[in-house]
Amino acid sequence: MKRLVSPQNYRIALTIALLSLGLILIFALSLSFGAVSLSLSQLWQALLRQGEPINQTILWQLRLPRVLAAMVVGAALGTSGTLLQGMLRNPLAEPFLLGISAGAGLVVVGMVTLGVWQAWIPFAAWVGALLTTLLVYLLARSGNKIAVERLILGGVAVSSLFGAVQTTLLLLAEEGRIQSALNWIIGSLNGRGWTELSTSAPYILLALIGSTLLGRSLNVLALGDELAVGLGMSLGRSRLLIGGTAALLAAGAVSMAGLIGFVGLIVPHGMRLLLGGNDHRWLIPLSAFGGAFILSLADLLSRLGSVELPVGVVTALFGSPVFVWLLYRRSV
């Protein structure tokens, strides 16, 4: 008697179920806990716009948009990391490490400190991310191939350069705009409301939908350039489309929450372990769910202490050891 469900399909279904339950749990806990904790009854009443007015304000104006922003930004960063790792065939590729987030962040910080064209931040951040992607890609080229070492070193160099420019802009900025710009640099979801969500989320959701259509192309690229060309794929056009989508996702995340690192590095590896494979048709959408879960969890942890930490600090504390471990695995 044939099996109705293959082991791979079983793992996919189990992964989807675990991520769904995890997201629901984190969503509920994030709405409940904070500087002012809400019980289940208070939370339910506030959701129905009943009970104490202060609880309704906390839920609808502060926590709900922040939790949704964490999920959207996490989904964008997780998917962007998956696209870059698949396109470059490099498990260390990530928007933050490759300088893409720094390029988008430089544009955002410049616009915030100068107080110009605030409504154009998402589009301008995408342009900055795309130009940085092209710059790092050119620095990493060695003949017709991309050198992994030069890719990482190029990303570090570009990030350092853009960081120096950001510091200069902060020194020249008006005092009232410095704190706002610092929130972008360190990565924070504090104060993110419906305005930021409605401005950046449409770009991110559009890119997330488009990224799900790139799974087959990434699977073909994983076979190697020669075989991909033999199967009729245009390498230049495919990489431009994949890289542009990854840059749009990273830029949208930066325009909403600032520079948050390591989510795009951790999530794809975690999803590969859960799936037991590297099929990008499933890896891409699951990375979106995994990224939403990880950043929502990091945001919740950042709010549990007596002093609220920027979510970018929390992801760096957990992500840096993972990055060191991955480097160690590649060297042994």
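Me: Which residues does Phe 323 touch, leaving out residues up to four places away in sequence?

Reply: A contact list like that picks up partners from elsewhere in the chain. In this predicted model, Phe 323 touches Leu 92, Leu 97, Phe 262 and Leu 265 once residues up to four places away in sequence are set aside. Phe 323 itself sits in helix α14, residues 311-331.

Me: Is Phe 323 buried or exposed?

Reply: Look at the relative accessible area; under 20% counts as buried. Phe 323 comes out at 16%, so it is buried. It also belongs to a separate second core of 6 residues, which includes Leu 92, Leu 265 and Leu 326 too.

Me: And what about the largest nonpolar core: which members touch the most others?

Reply: That core has 84 residues, and Val 73, Leu 83, Met 256 and Ile 260 touch the most other members. Helix α3 (residues 53-88) supplies the largest share, 16 residues. Take Val 73: beyond its sequence neighbours up to four places away, it touches Ala 253, Met 256, Ala 257, Ile 260 and Leu 295.

Me: How do I read the packing of α3 against α8?

Reply: Start with distance and angle. The axes of α3 and α8 (residues 194-211) come within 10 Å and cross at roughly 30°. That makes the two helices roughly parallel, and the crossing is left-handed. On the α3 side the contact includes Trp 60, Leu 64, Leu 68 and Leu 83, while α8 brings residues including Trp 194, Leu 197 and Ile 204.

Me: Last one: how far does helix α12 reach from its first C-alpha to its last?

Reply: You compare the end-to-end reach with what 1.5 Å a residue would give. Helix α12 (residues 263-275) has 13 residues and reaches 18 Å, close to the 18 Å expected. Its buried residues include Val 263, Leu 265, His 269 and Arg 272. After α12 comes Gly 276, with a positive phi near 70°.

Definitions and conventions: Residues are numbered from 1 along each chain as its sequence is written. This is a predicted model: local features need pLDDT of at least 70, side-chain atom pairs count only at pLDDT 80 or more; totals for chains, interfaces and linings use all residues. Side-chain values use heavy atoms; hydrogens and water are left out. A nonpolar core is a set of buried Ala, Val, Leu, Ile, Met, Phe, Trp, Tyr and Cys residues joined through side-chain atoms within 4.5 Å. Buried means under 20% relative accessible area, exposed over 50%, partly exposed in between (1.4 Å probe, protein chains only). Helices (H or I, at least four residues) and strands (E, at least two) are DSSP runs, numbered from the N terminus. Contact means heavy atoms within 4.5 Å. The expected span of a helix is 1.5 Å times one less than its number of residues. Axes are lines fitted to C-alpha atoms, for helices over the stretch in contact, and angles run from 0 to 180 degrees between N-to-C directions. Angles under 35 degrees count as roughly parallel, over 145 as roughly antiparallel, 65 to 115 as roughly perpendicular and the rest as oblique. A crossing is left-handed if the near helix is turned anticlockwise from the far one by less than a right angle, and right-handed if clockwise.
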